[in-house]
Structure formats: C-alpha cells, structure tokens
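This report is meant for a reader meeting the structure for the first time. It follows a few residues and helix pairs, one after another.

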Amino acid sequence: MSERSQRTDVTLPAGSQRKRAGRGTAVTSGGPTGPTELRRELGFADAVLIGLGAMLGAGVFVAFAPAAQAAGAGLLPALALAGGVAWCNATSTAALASVYPRAGGAYLYGRARLGPVWGFLAGWGFVIGKTAGCAAMAMTAGSYAWPSHPRPVAITVACALAGLNCVGIARTALVNRLLVTVTLGVLGLVVLACLTGGAADSARLHGGGSVGLRGVVQAAGLLFFAFAGYARVATLGEEVRDPARTIPRAVSTALGIVLTVYLAVGLGLLLVLGPHGIAASAAPLRAAVAAGSWHWAAGLVRLGAVTASCGVLLSSLAGIGRTTLAMARDGELPRALAQVHPRYAVPQRAQLVVGAVVVGLVAVTDVRGAIGFSGFGVLGYYAVANLAAWTLPAPRRTGGRVIAAAGVFGCLLLAVDLPAGSALAGLAVFGVGLGVRAIRRAPGGGPAGRRPK
C-alpha cells in the first residue's frame, strides 16, 4: 500500500458518510457488523478535563518519594525535565491529531505516516502497557480506600468504571469532571498546608547534598509517568468537536495546568520535608500535611489518592478502548472489536473486553510491582508519535522538526535509564506482539491489515 493510500484509508475510511461534526451527530459506516464510527460530543472544557483526569493520577501521590531519592535537591529540575519531555511529546501529538482527528492516537499516526508495523508497535505497546496500568490503578484505589481489603474495592471500581465507559463519552466526561475537581481540591489543600502550616523552612530546599546529572535524569524518568496521559484527548480525537482547533489547545492547556500544580506540590514538599524526608516517606503528601497545623486534613489526602486513581483508570479505559477500535478497524485486532454501539456511540465490545481483562488481572494478581514494562511501552508509544510528527509537512509541524527530534531524544534518554528488567520485559512484550502479528498475517493465518470496503 502506498503512503498516499494509507493516509486516505486512515483519514477517510471507505464506506463512510460524513456528517457535520456538531454535538449529537455521528459519522456512520454501513456494514454487516453495524456502525463503526464515533460521535463528536466533547468540547474544549471536557477535552481539558479529560487530559487533567489522565495526568492527575496516583503518580503524584507516590512518585515524589523515589524521585527525591534519586535526585535529592534536584527534584524540581527533574520535574521540569520530565515536563519538558512531556511538552515535546504533547506538541507532536497535538499536531498529528489536528491532521488525523480519529480514534487511535499514536497507533493511527504511526500507521499513516510511517507504515503499518510502526503503527502496530505503538498501538500494541499502549494497549498492553495501559491495560496492566489500569489494573495497577484499580489496586491503588483499593489500597487507599480500604487498606486491609484492597482487592474487593479494586474489582468493584474496575467493573463500575468499565461499565461507565460503555454508556457514552458524555457520561464518562461528567464523572471525570467530578473526579478531577476533588483531586485538584486535595492537591490545592496540600500546597496550602505546606506553605501556611508553619512547618516550611527554605533551608530544606538545599538539604539534599550535591546534585548529579544522572540522578536528575533518573528522577525525571520516574516523574515522567506522573504526566502520562497528557495526550489522552488525542486518542479520543474522533469524539472531539472541531478537533483541529480544540485538541492542540486542550493538550497544551491541560499540560500547563498539571505542570504548575506539580511544581507547587514539589516545592511545598521540599519546604516541609526536605529531599531526605520525601525519600523516606511512603506517603509524602500526607506526611507534609500532617507535619503542620493542618494535620487535621491529612486524612483527605487519602480521598485525593482514590479519586486520582479512579480518574486515571476511567480515562485509560476509554483510551485503550479507542485504540483497540482503531486497530480492529485495520485488522490488527479481531474486527468484531470495531463495532460501535448504535445508541451510545462507543466501542462497547472493545470496552467490555478491556474491562474484563483488567478485572481478571485485579482478581488474580497484584500487578502494581510488576508493570515496569508499561513505562517502556509508553515511551515507545510517544517515540513513534514524535517520529510521525517529523514527517508532517512544514505547515503542519508545530515548532518545526526540532520539537519532534527533542521528543524522540527525550523518550530514548528516559527509556535507557529504566531498570534493565523493565526494558527487557518491554522488549519481550513487543516481540510477542510482532510474532503474533506475523502469524495472523501469514497465508491462512488471519486477516490482512486493511478494512474491507
């Protein structure tokens, strides 16, 4: 297939009749399996809030401790480095989303700009890594909500949010809005408690000893995953109104808000606990609130961790469902998963399958400590997005190729600094995916890549 035909196939699928992309309208596709197109219902505010919900996760409640252990007093520079890599990735993704405003994210962009194999690598890494991440988020929510019995809570949360994603993007956006509001409120309380609780001391900002570049880079790699999700709205690009304008604005706005919040939280933690205190605490945000006159509010941090975990789980389930939908449309996954519910306009089969896998993982194992390959997959996913952005025509490239190149370099820099076990696990997952794909595409082994017309 030529590059030109690939791009046409991705951007304007055969057999579709496009309607005006306003609220309540959908692009429908006839066929024996029913409709396969989604409905554009998300405006700018919802798009920003989905980005916030995807980023303001449990990572902010736990990532500061290992990051401070690695970087010491260089915690804030490490946070800025992680934010810079995220900004490059987000800029590239937003530019691509304005050209290809359909479901699938980097899978779609890699397939359209670089070829089917690159798209598959991005999509496979995202689906597998994020599915394990969803199970981890469910267990994290359960651990904070009911520490002595986390699994029943985790299963309940996973079932409820998977079901919610099956009844329309508008309902998903509404619940996400509530979760983000609570999470932002708790993080704001943490900052106020740190700055006004009487325990802050500016001398602690320099209490971590000498700062090494390698430590800063290692900490940035850990903190980067507290930003993961900044491009979630691009994955849902087929459900955003006026995507060429809305998605780039929403991505940059959400990322700017989260970076500001994280810098404020990091500064507050350093002032109250210092680098060593952060590194030694299993729950540094709660410890910082408890250290001052706002100690009565320490219990609310647990609530924030629950809503943050649920917010990431909710948006991740939606993102995995849309990427699964895009891959199924192209025959990279079973085509039955490409069906869209005629009433709710969501990939309900894909959402149910993903939800069932997440619930199964939660029921049989605790994956929180065994998903290092997820980070490897996320970095690979965004590396493909940056490579795809490099190939865009000059008028479509925001900031030229410099940002795309910086994004690729940043992803590789953080990836090589991951623990060897995580990198090997990630490579193994990609290898298994490519092997299964080769078997399915062999003569008699399964469907070829393009959707039937």
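F64, in this predicted model, touches a set of residues beyond its neighbours within four places in sequence, namely G59, L75, L79, L223, Y262, V265, G266, L269, I278 and L285. F64 also stands out in the largest nonpolar core, which holds 142 residues and in which F64, F224 and Y230 touch the most other members. Helix 14 gives this core its largest share, 16 residues.

On the side of helix 4 the contact is made by F64, A65, A68 and Q69, while helix 12 brings Y262, V265, G266, L269, P275, I278 and A279. Sorted by class, the contact of helix 4 with helix 12 has nine nonpolar and two polar residues, and no charged residues.

A second pair is formed by helix 7, residues 116-145, and helix 18, residues 420-441, which pack at an angle of about 125° with their axes 10 Å apart. Because of that angle, helix 7 is oblique to helix 18. Helix 7 passes helix 18 in a right-handed crossing, and in it P116, V117, F120, L121, W124, G125 and I128 of helix 7 meet V429, F430, G433, L434 and R437 of helix 18. The residues of this contact divide into nine nonpolar, two polar and one charged.

The table sets out the geometry of the two pairs.

| Helix pair | Angle between axes | Distance between axes |
|---|---|---|
| Helix 7 and helix 18 | about 125° | 10 Å |

Helix 14, already named for its share of the core, spans residues 298-329 and is the place of L300. L300 and L187 are 113 residues apart in sequence, and their C-alpha atoms are 9.8 Å apart in space.

Definitions and conventions. Residues are numbered from 1 along each chain as its sequence is written. This is a predicted model: local features need pLDDT of at least 70, side-chain atom pairs count only at pLDDT 80 or more; totals for chains, interfaces and linings use all residues. Side-chain values use heavy atoms; hydrogens and water are left out. Axes are lines fitted to C-alpha atoms, for helices over the stretch in contact, and angles run from 0 to 180 degrees between N-to-C directions. Helices (H or I, at least four residues) and strands (E, at least two) are DSSP runs, numbered from the N terminus. Angles under 35 degrees count as roughly parallel, over 145 as roughly antiparallel, 65 to 115 as roughly perpendicular and the rest as oblique. A crossing is left-handed if the near helix is turned anticlockwise from the far one by less than a right angle, and right-handed if clockwise. Contact means heavy atoms within 4.5 Å. Ala, Val, Leu, Ile, Met, Phe, Trp, Tyr, Cys and Pro count as nonpolar, Asp, Glu, Lys and Arg as charged, and the others, Gly among them, as polar. A nonpolar core is a set of buried Ala, Val, Leu, Ile, Met, Phe, Trp, Tyr and Cys residues joined through side-chain atoms within 4.5 Å. Buried means under 20% relative accessible area, exposed over 50%, partly exposed in between (1.4 Å probe, protein chains only).
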